[in-house]
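Please look at the sequence and the model below.

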Amino acid sequence: MRSDARPPVRNQRYSNVLSFVGLAALLLCVTWLTGCAGVSAAGSGDTTTPHLSGRLSSATMGLPYNGTISVIGGTAPYAFRLTSGSLPTGLTLSPNGGTISGTPGKSGVYNFAVGVADSKNSEGSQSFQITVNTVGSINVTVSPAVTSVSSSGTLQFTAAVANSSNVAVTWSASRGTISSSGLYQAPSVS
């Protein structure tokens with residue numbers, strides 16, 4: 001009777017091992033296929049085609065501008081070109097580096113597309129936008145605005161500069177003297 005009881009146990013163990021191996025193989029295949037489908041669908045695993053990226057900041061009319069477009073994928077060296085639209089007046093696209101630079105001469109919103117080709121003639125393109133703002137008028141406020149200073153007297157002046165990154169002030173006086181910090185000394189009057 002013992003010989004009759006053992007064979008079914010062995011067959012059951014063998015069957016369980018085969019089921020486990022089959023299930024593991026199936027899970028491995030499904031995982032692999034899902035991973036491959038995800039890469040193809042998303043395109044993120046594509047390193048053969050160059051993809052452009054970059055966030056171009058706004059520019060200010062009359063001030064130097066520099067923005068860079070980056071390439072992901074493909075094979076260097078890259079060649080950049082404008083494929084549609086136009087850059088702001090005064091800005092140019094470097095055909096070898098993907099840099100947009102210059103001094104914008106006109107305000108507005110500029111929409112354009114840049115294309116790139118790599119050394120294997122694979123191509124990609126992307127749309128971009130640069131907004132060119134006008135320069136606000138520079139305001140200088142001197143305090144006190146109106147005053148009287150007695151003969152040989154002194155008075156401290158201050159200046160506030162608005163709408164400019166250059167807030168340095170150079171002081172001058174037609175009569176008397178004034179220091180670089182705005183301390184005025186009136187001339188001696190008899």
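This is a predicted model: local features need pLDDT of at least 70, side-chain atom pairs count only at pLDDT 80 or more; totals for chains, interfaces and linings use all residues.

Ile138 lies in the loop that runs between strand 9 and strand 10 (139–143). Why does Ile138 count as exposed? Its relative accessibility is 53%, and a residue is called exposed when this value is over 50%.

Four strands form an open sheet here, in the order 2-9-8-5, and their pairing is mixed. The edges are taken by strand 2 (59–60) and strand 5; each has a single partner strand, so one side of each is left without a neighbour in the sheet. Strands of a sheet pair through backbone hydrogen bonds, and the pairing can be parallel or antiparallel. Strand 5 and strand 8 (residues 108–117) run antiparallel and are joined by six bridges. Within this pairing, Leu82 has Val114 in strand 8 as its bridge partner.

Arg81 and Glu123 meet through their side chains in a salt bridge, with 3.4 Å from N to O. The two residues are 42 residues apart and link distant parts of the chain: Arg81 belongs to strand 5 (residues 79–85), and Glu123 to strand 9 (residues 123–133). How exposed is Arg81? With a relative accessible area of 37%, Arg81 is partly exposed, because that class lies between the limits of 20% and 50%. The count of salt bridges comes to one.

Another set of pairings involves strand 7. Strand 3 (residues 65–68) pairs with strand 7 (residues 99–102) in the antiparallel sense, over four bridges. Strand 6 (residues 91–93) and strand 7 are likewise antiparallel, over three bridges. Which residue of strand 7 stands opposite Tyr65? The residue is Gly102, and Leu91 also stands opposite Gly102. Strand 6 and strand 7 form a hairpin with five residues between them, and in its turn Gly98 has a positive phi of about 75°.

The interior can be described through its nonpolar residues. In soluble globular proteins, nonpolar side chains tend to be buried together. The largest nonpolar core here has 17 residues, of which Leu56, Ile100, Phe112, Val114 and Ile130 touch the most other members. At least two residues of this core come from each of strand 6, strand 8 and strand 9. Strand 8 supplies the largest share, four residues.

The last feature is a group of aromatic rings. A pair of such rings is described by the distance of the centres and the angle of the planes. The model has three aromatic pairs. In one of them, the ring centres of Phe157 and Tyr184 are 6.3 Å apart and the planes stand at 80°, so the pair is edge-to-face. This pair, too, links distant parts of the chain, 27 residues apart: Phe157 is in the loop between strand 11 (154–156) and strand 12 (158–162), while Tyr184 is in strand 14 (residues 183–185). Are these two residues buried or exposed? Phe157 counts as buried at 14% relative accessibility, and Tyr184 counts as buried at 15%, because the limit is under 20%. Together with Trp171, Phe157 and Tyr184 form one aromatic cluster.

Terms used. Residues are numbered from 1 along each chain as its sequence is written. Side-chain values use heavy atoms; hydrogens and water are left out. A salt bridge is a side-chain nitrogen of Lys or Arg within 4 Å of a carboxyl oxygen of Asp or Glu. Buried means under 20% relative accessible area, exposed over 50%, partly exposed in between (1.4 Å probe, protein chains only). Two strands pair if DSSP finds at least two bridges between them. Rings of Phe, Tyr and Trp (its six-membered ring) pair if their centres lie within 6.5 Å; planes under 30 degrees apart count as stacked, over 60 as edge-to-face and the rest as tilted. A nonpolar core is a set of buried Ala, Val, Leu, Ile, Met, Phe, Trp, Tyr and Cys residues joined through side-chain atoms within 4.5 Å.
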